[in-house]
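Here is a short report on selected features of one model. The structure comes first, then the notes.

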Amino acid sequence: MTTDVSWRTMIAPYLKPDSRLALAQLLTTLLPFLAVMGLLLVALDHGYWIALLLLPVGAVLVVRLFMFQHDCGHGSFFAPRWANDALGLVLGVLTLTPYTAWRAAHAVHHANTGNLDRRGIGDVNTLTVAEYRALSRWRRAGYRLYRHPAVLFGLGPVWLFVIKNRIPFGHPARRWREWASVLGTNAALLALVAILFVTLGPVAVLVGWLPMMVMAATIGVWLFYIQHQFEHTYWESRPEWDFRSAALEGASFYDLPRILHWMTGNIGFHHIHHLSSRIPNYRLRACHEANPAFQVAPRLTFWSSLRCARLALWDTDQRRLVPFSRSRTA
């Protein structure tokens, strides 16, 4: 069993960002993304079926760019803070995600993962079996609709990235930085879309760029979901809630093929990321492999993760996520 001192010692060698590695990651992702976008627009002039083959490639590269933005938000991609913030602001326009506002909400998520008393900010809304039973019939129906896979992974990504990220009202008015982040990103995004409309025409936007972004958003929502929504995850109330347990028990090790780890910016090593968000994505694998104490995290493969889509309620007695059917018998 690791103590606070020992696990901090184990992660220490992996905390320092390497701006050369970060720049290499950025160039080998951003340049292919721009190339794919160019090819996609050319392909639209020769038939939609050719363009369809390029949409998943572009979407995966957008996901990878979002993971770099994610690192920037934690101050871990580059060494200088100004470089992280500058890149994060630019990538926020490409990923439809206002950087400063997202960073604030995501910090709350990291500080409260697995804490039953601090749910609702930056995570997937999850009720306990008892809370669900106490709801009225209509509120139960609303929660069931919210947790339905067609909503979570169909309508949800469109709502979150295309619509919700455009609205500043989810942030307190006194937090002017978050409002400025949303409105500034909206202005830059509007200018970008206007340029695309004028120079390339509406077809390029509506048939090429927009579907690619929706596909990227869907992949991103699935990754975020599976990082914490699995059967034997971790939820606990204060004062029993524990940060290290929440990281190593409540964040999954998504054991994907190496190429998929590359595509997703190594976010599958999510237990390591929650143990220390200051570890850059390009050091997560090394930290995991060098420390057997961290390898006890719940392991999910791609195929086993698909079964997690039906889970919806936290059973406080059995200490596991269960489907709705268990709410009648638990």
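Strand E1 and strand E4 (residues 313-315) run parallel and are joined by two bridges. Strands here are DSSP runs of at least two residues, labelled E, and helices are runs of at least four, labelled H or I; both are numbered from the N terminus. Two strands pair if DSSP finds at least two bridges between them. Thr128 has Trp314 of E4 as its bridge partner.

The sheet is open and holds three strands, in the order E1-E4-E5. Its pairing is mixed. E1 (127-128) and E5 (320-322) stand at the edges, each with a single partner strand, so one side of each has no neighbour in the sheet.

## Basis of the model

This is a predicted model, in which local features need pLDDT of at least 70 and side-chain atom pairs pLDDT 80 or more, while totals for chains, interfaces and linings use all residues. Residues are numbered from 1 along each chain as its sequence is written, and side-chain values use heavy atoms, with hydrogens and water left out.

## Helices H3 and H4

The axes of H3 (residues 48-73) and H4 (residues 81-94) come within 8 Å and cross at roughly 145°. Axes are lines fitted to C-alpha atoms, for helices over the stretch in contact; angles run from 0 to 180 degrees between N-to-C directions. The crossing is left-handed, meaning that the near helix is turned anticlockwise from the far one by less than a right angle.

H3 contributes Leu65, Phe68, Gln69 and Cys72 to the contact. H4 contributes Asn84, Leu87, Gly88, Leu91 and Gly92. Contact means heavy atoms within 4.5 Å. Five of the contact residues are nonpolar, four are polar and none is charged. Ala, Val, Leu, Ile, Met, Phe, Trp, Tyr, Cys and Pro count as nonpolar, Asp, Glu, Lys and Arg as charged, and the others, Gly among them, as polar.

## Leu55

Leu55 also lies in H3. Leu55 counts as buried, at 5% relative accessibility. Buried means under 20% relative accessible area (1.4 Å probe, protein chains only).

Beyond residues up to four places away in sequence, Leu55 touches Leu40, Val207, Gly208, Pro211, Met212 and Met215. The C-alpha atoms of Leu55 and Met215 are 8.0 Å apart, across 160 residues of chain.

## His270

His270 sits in helix H13 (residues 270-275). His270 is buried, with a relative accessible area of 2%. Setting aside neighbours within four places in sequence, His270 contacts Gln227, His228, Ala251 and Ser252.

The side chains of His270 and His228 are joined by a polar contact of 3.4 Å. Such a contact is a pair of N or O atoms within 3.5 Å; within protein, one must be able to donate a hydrogen and the other to accept it, and residues adjacent in sequence count only if both atoms are side-chain atoms.

Technical notes:
Buried < 20%, exposed > 50% of the residue type's maximum accessible area, 1.4 Å probe, protein only.
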